Amino acid sequence: MLKLFTSIGSMSTNDNEDPWLAPDKLHHLLFCFSLTLLFSFLATRTRYPFLRRHSILVGSILSLLSGAAKEAADHLGFFQSSGASAKDAVADFIGVLIAYLVLSLASSFWFSGRPDDKGPGQSSMV
């Protein structure tokens, strides 16, 4: 475990080996974007009000943890890849950030609470 923390600084940063605009970075971005949406959706379906109330944050944190776990596994050699990459971690973060923004905008739009809108079981007092 100590080996993992001491060698984080030695992640692959050579532009020739790990270009910023590679299909791998798009895969990282889309995977973390999708995980954020999935985990956020699952958090809205739980019976725990705290998780429902903070579903976007829960989805984002779980997705970031998944991306970090994947990078740690790459570094330890569990997958056949070129190893851990700081650029992969940045792509993971960008995917989570985009999903967070999309979910936040959708949530504010969906629950805008216009005065003339009544939810189920609500009636207007005349």
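Helices (H or I, at least four residues) and strands (E, at least two) are DSSP runs, numbered from the N terminus.

**Entry 1: what I am looking at**

I note that this is a predicted model, in which local features need pLDDT of at least 70 and side-chain atom pairs count only at pLDDT 80 or more, while totals for chains, interfaces and linings use all residues. Residues are numbered from 1 along each chain as its sequence is written, and side-chain values use heavy atoms, with hydrogens and water left out.

**Entry 2: the chain as a whole**

I looked up the secondary structure and found five helices and zero strands, in the order α-α-α-α-α along the sequence. I then asked how much of the chain is buried (under 20% relative accessible area, with exposed meaning over 50% and partly exposed in between, for a 1.4 Å probe and protein chains only), and read 28% of the 126 residues. The accessible surface (Shrake-Rupley method, 1.4 Å probe; for residues, only the protein chains shown count as cover) comes to about 9200 Å², and 69% of that belongs to carbon and sulfur atoms. For contacts (heavy atoms within 4.5 Å), I noted that among those between residues at least 6 apart in sequence, 69% join residues at least 24 apart.

**Entry 3: stretches named in the record**

UniProt, in an unreviewed entry, places the feature "transmembrane region" at residues 26-44, 56-73 and 93-111; such annotations may be inferred rather than shown by experiment. I checked residues 26-44 in the model, which are 100% helix and 0% strand, with the end C-alpha atoms 27 Å apart. Residues 56-73 are likewise 100% helix and 0% strand, and there the end C-alpha atoms lie 26 Å apart.

**Entry 4: the largest pocket**

A pocket, on a 1 Å grid over the protein atoms alone, is an open set of points where a 1.4 Å probe fits, with protein on both sides within 12 Å along at least five of seven lines, and lining residues have an atom within 4 Å of a point. The volume, meaning the space filled by probe spheres set on the points, is about 340 Å³ for the largest pocket. Of its 13 lining residues, Thr44, Ser55, Leu103, Ser107 and Phe111 are the closest to the centre. I found that α2 (23-44), α3 (49-53), α4 (55-76) and α5 (86-110) each supply at least two lining residues, and that α5 gives the largest share, four residues.

**Entry 5: two serines of α4**

Is Ser55 buried or exposed? Ser55, which is in helix α4, is buried, because its relative accessible area is 9%. Leaving aside neighbours within four places in sequence, Ser55 is in contact with Ser40, Ala43 and Thr44. Ser60 is also found in helix α4, and I count Ser60 as buried because its relative accessibility is 6%. With neighbours within four places again set aside, Ser60 is in contact with Thr36, Val96 and Tyr100. The C-alpha atoms of Ser60 and Ala99, 39 residues apart along the chain, are separated by 7.9 Å.

**Entry 6: a proline in a loop**

Finally I looked at Pro19, which is found in the loop between α1 (2-6) and α2. Pro19 counts as partly exposed because its relative accessibility is 36%. Its C-alpha atom is separated by 8.3 Å from that of Lys87, which is 68 residues away along the chain.
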